[in-house]
Amino acid sequence: MRVMAQIAMVMNLDKCIGCHTCSVTCKQTWTNRTGVEYAWFNNVETKPGVGYPRRYEDQEQWKGGWMLDKRGRLVLRSGGRIKRLLSLFSNPDLPSIEDYYEPVTYDYDNLVSAPAQKDIPVARPRSVLTGKPTAITWGANWEDGLGGAPEHAGGDPNLSGEWAEKVKFEFEQTFLFHLPRLCEHCLNPACVSACPSGAMYKRVEDGIVLVDQDRCRGWRMCVTACPYKKVYVNHATGKAEKCTFCFPRIEAGQPTVCSETCVGRLRYLGLLLYDADRVGEAAATPDEHDLLDAQRGVFLDPHDPEVRAAARESGIPEDWLDAARRSPVYDLVMRYRVALPLHPEYRTMPMVWYVPPLSPVLDAVDAAGGNQDDPDHVFAAVTRLRIPLEYLAELFTAGDTDVVAGVLMKLTALRSYMRERTLGEDGDEAVLKAVGLTTREAEDLHRLLAVAKYQDRYVVPAAHKEDAAALTAMENRCPVETSGDTEPRKIMLGIPTLRRNTNAGGRP
Amino acid sequence: MNTARSPLAASASGADLLLWVAVPYICLAVFAVGHVWRYRQDQFGWTSRTTQLLEHRWLRWGSPLFHLGAFMVIAGHVVGLAIPDSWTEAVGITEHAYHTTAVWAGSVAGVAMVAGLGMLCARRLLTRRIRLGTDRSDKFLFPLLSATVLLGITATAAHNVFGAGYDYRSTVSVWFRGLFVLQPHPEAIAGAPLLFQLHALTAFLLFAAWPFTRLVHVWSAPIGYLARPYLVYRRRTAAVAAPTAGGRTRSASGSRRAA
């Protein structure tokens with residue numbers, strides 16, 4: 001057993017209102033720079049929808065993630081090592097900027113500098129890439145709130161199979177939910193494995209996957225390999241950039257920016273202990289439906305004395321073990337098992353998990369004339385109304401509807417029981433029993449999902465003082481960088497001293 | 001073997017010494033020192049500077065053609081310049097056989113490289129997004145590289161494909177090898193046709209420009225990827241001693257090697 005700790009995230013999708021505050025604050029923090037105007041380390045998608053970049057979930061096209069070869073071995077879908085090197089000159093599976101969208105700015109200056117005239121001056125859009133006026137025809141969440149969905153959402157790669165026909169035909173009774181996405185900081189990251197330079201790595205201490213900007217040589221294999229398309233090419237520096245999980249904040253014991261600013265308070269941060277020796281084996285599980293359990297099997301119980309002893313041996317400090325025991329992520333993923341990974345069939349073992357949304361089901365109950373608060377009606381809806389269930393299963397369980405149904409029933413039972421309790425009634429414990437919860441567990445889960453406070457939602461142990469020297473040294477530099485000049489579009493890559501100057505101040 | 005005489009043979013004029021001894025050595029010195037400096041000071045700028053995100057239709061054909069053509073061309077130059085003709089004859093390759101092979105293989109490689117480079121230059125000029133992202137080093141590199149390649153293929157075409165044939169192995173190659181064994185023979189190239197001379201000069205300018213352009217990515221060809229483990233773990237603290245981080249040493253003790 002080789003115990004490692006990872007700071008992981010769970011999002012409760014029922015609470016996401018699609019306000020994009022996470023995306024905007026993330027962008028202001030990390031990607032408001034030349035070269036990554038099009039990149040959103042955190043984005044919020046409307047589901048069903050084609051996503052960002054377009055149809056990124058279609059791995060037949062984009063070749064992201066891992067697959068099993070004929071002999072059952074785990075291989076990158078984009079090809080082996082030799083194929084990677086042969087694709088260096090032109091990567092056949094790289095999304096182009098049109099697959100994301102052409103970034104624009106507006107002629108804001110025109111609003112104040114236009115001469116007096118009869119018409120009100122307008123700020124026209126202008127391409128950031130060419131500086132020319134342009135028409136905005138796509139964006140990171142073009143079908144926001146299902147706008148334009150009849151035209152586009154049919155292109156959602158998750159809408160496959162016979163049941164999907166129903167979705168397209170019954171758009172009058174449609175459903176939607178929002179899916180915030182960031183780098184999954186996978187246990188078996190395909191981007192790291194595809195990087196020819198070895199510039200990408202997973203941190204031993206907290207599992208954060210990063211790009212070493214000094215070692216990245218711009219071979220862009222990571223972009224293809226990531227099935228979530230969460231590694232981006234900075235077209236000004238020619239280097240890969242990705243979500244850093246706000247590691248400077250995490251190291252200081254603070255939540256990521258997207259978590260901190262989440263209006264719906266739907267994000268949870270906490271430690272998961274895992275056995276690094278079992279990752280490869282779990283990722284190579286033959287049946288896609290078993291991948292969820294295989295990944296859960298890699299996680300270790302922080303309450304188990306044996307695990308704690310092994311963790312101490314691996315150098316995990318005592319306060320981290322304590323934080324692991326208090327981890328809300330562990331509770332949601334392992335104890336109550338209501339959180340599910342996004343697309344486990346990509347075999348990257350993602351570490352940002354989701355509590356599937358109940359709201360589309362509840363809407364369906366309403367539409368069918370049922371009572372949302374009656375668990376029988378909801379249970380029936382969960383199993384009978386096939387539309388959202390199969391869709392959710394495509395997203396979270398590699399198509400296994402039983403698992404999603406189980407989670408939704410658990411949430412329904414909890415909701416119904418706690419509603420009765422709140423109204424001063426005893427609460428029907430039979431409902432809880434049916435989904436395997438005790439009353440204490442129900443109260444605990446309810447507290448976690450509904451009323452958990454800041455310190456309950458974010459249990460982030462700070463990095464250790466012993467490492468402080470190293471961390472201070474890293475403060476001198478940014479994990480993602482600009483080219484140093486303030487004037488946009490002029491990137492002085494051949495003139496390295498210009499950039500050195502920004503560093504010189506921090507020289508000890 | 002008059003070529004084995006003292007490097008400062010009386011036959012070499014001052015201009016010859018400047019062009020065929022001083023300039024090459026200066027360029028090679030800039031090449032060497034420049035690389036050390038760039039590697040220690042600018043790991044962040046050391047990249048292929050891919051623009052595939054912004055334009056991929058031309059790149060799809062242009063880049064593989066150019067790169068594969070360039071590999072063949074470089075291999076051809078290594079054989080033609082580094083290996084004396086006495087060696088190839090010693091293993092039984094006649095002068096005629098050598099030149100026939102060289103002209104054929106070289107033509108294929110040269111045409112591929114020129115076509116590829118042409119496409120890459122065209123997309124850089126015609127695609128506005130890429131033109132705007134072209135920096136000063138690119139504006140210097142692309143014309144210089146194009147000039148070198150075009151002069152080379154024109155020299156070959158004019159003298160060895162359509163012309164009477166010019167045996168550069170007994171002149172240009174002798175001069176080139178002489179530079180590296182510190183016995184320069186400026187007189188060996190002084191009589192070469194103008195196209196060969198210009199090609200040699202632009203090539204040395206290219207060497208001098210090399211460390212200051214995107215050409216440095218050549219030295220980062222990721223051969224090691226074939227052997228390394230798939231999953232890369234790094235310790236947070238290990239970042240202090242990041243192995244290749246040269247000038248970016250993040251040491252807390254304040255020892256910046258590349259200060």
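## A predicted two-chain model, piece by piece

Chain B has a mean pLDDT of 87, with 87% of its residues at 70 or more; pLDDT is the predictor's confidence in each residue, on a scale from 0 to 100. This is a predicted model, where local features need pLDDT of at least 70 and side-chain atom pairs count only at pLDDT 80 or more, while totals for chains, interfaces and linings use all residues. Residues are numbered from 1 along each chain as its sequence is written, and chains are lettered from A and ligands numbered from 1 in the order in which they are written.

Chain A comes out with a mean pLDDT of 88, and 89% of its residues reach 70 or more. For the complex, the predictor gives an ipTM of 0.84 and a pTM of 0.88. Look at the helices of chain B: confidence is lowest in α3 (residues 85-90), with a mean of 88, and highest in α9 (residues 194-209), at 97. Helices (H or I, at least four residues) and strands (E, at least two) are DSSP runs, numbered from the N terminus.

Two residues are in contact if their C-beta atoms, placed from the backbone, lie within 7 Å.

| Chain | Residues with pLDDT under 50 | Contacts beyond four places |
|---|---|---|
| Chain A | residues 484-508 | 40 contacts |
| Chain B | residues 1-9 | seven contacts |
| Chain B | residues 238-259 | 38 contacts |

**Chain A in outline**

Of its 508 residues, 53% count as buried. Buried here means that 20 or more other C-beta atoms lie within 10 Å of the residue's own; with 12 or fewer a residue is exposed, in between it is partly exposed, and the C-beta atoms are placed from the backbone. Among contacts in chain A with a separation of 6 or more, 68% join residues 24 or more positions apart.

**A five-stranded sheet**

Now find the open sheet in chain A, whose five strands run in the order β13-β12-β1-β15-β14 with mixed pairing. Two strands pair if DSSP finds at least two bridges between them. Which strands stand at the edges? They are β13 (299-300) and β14 (340-341) of chain A, each with a single partner strand, so one side of each has no neighbour in the sheet. Strands β1 (residues 3-12) and β12 (residues 267-275) of chain A pair in the antiparallel sense over nine bridges.

**The nonpolar cores**

In soluble globular proteins, nonpolar side chains tend to be buried together. The largest nonpolar core here has 147 residues, and A:V10, A:C191, A:C222, A:L273, A:V329 and A:L332 have the most contacts inside it. A core of this kind is a set of buried Ala, Val, Leu, Ile, Met, Phe, Trp, Tyr and Cys residues joined through C-beta atoms within 7 Å. Helix α20 (residues 401-422) of chain A gives the most to this core, with nine residues. Leaving out residues up to four places away in sequence, A:L273 touches several others, including A:V3, A:A5, A:F299 and A:L300. A second, separate core has 16 residues, among them B:A112, B:V114, B:I153 and B:A209.

Helix α1 (residues 21-31) of chain A has the buried residues A:C22, A:S23, A:C26, A:K27, A:W30 and A:T31. Seen down the axis of α1(A), they fall within an arc of 125°, so they line one face of the helix; the arc is that of the directions from the helix axis to the C-beta atoms. Their cover includes β2 (43-47), β7 (177-181) and α11 (257-260) of chain A.

In the loop between β1 and α1 of chain A sits A:H20. Is A:H20 buried or exposed? A:H20 is buried, with 20 other C-beta atoms within 10 Å. Its phi is positive, about 65°, although A:H20 is not a glycine.
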